Amino acid sequence: MRLRPEFAKNPETTRLKLDSLVPAMSEALELKSFSIITRRGFGCYSCHLGPGGPMFGQ
């Protein structure tokens, strides 16, 4: 799991983002949420480049 380092550092915040922020953002943008099965949809890496990467556009 690519989010493992983030869960290790900030488990509560990471869970909040996955459970609340990602679904709210995907709904607001009218996009399907990321599916671990299809590996498609809006998720963390739609805006972030990766666990150690900067935010998109910065």
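Colleague: First, what am I looking at?
Modeller: This is a predicted model, where local features need pLDDT of at least 70, side-chain atom pairs count only at pLDDT 80 or more, and totals for chains, interfaces and linings use all residues. Residues are numbered from 1 along each chain as its sequence is written, and side-chain values use heavy atoms, with hydrogens and water left out.

Colleague: How many helices and strands in the protein chain?
Modeller: Two helices and zero strands. Those are DSSP runs, numbered from the N terminus: helices are H or I with at least four residues, strands are E with at least two.

Colleague: What share of the residues is buried?
Modeller: 14% of the 58 residues. Buried means under 20% relative accessible area, exposed over 50%, partly exposed in between, with a 1.4 Å probe and protein chains only.

Colleague: And the accessible surface, how much is there?
Modeller: About 4900 Å², with 60% of that belonging to carbon and sulfur atoms. The areas come from the Shrake-Rupley method with a 1.4 Å probe.

Colleague: Why flag that?
Modeller: Because most residues other than glycine have a negative phi.

Colleague: Is E30 buried or exposed?
Modeller: Exposed, with a relative accessible area of 74%.

Colleague: What about R39?
Modeller: R39 also lies in the segment after α2. R39 has a positive phi of about 60° without being a glycine. R39 is exposed, at 55% relative accessible area.
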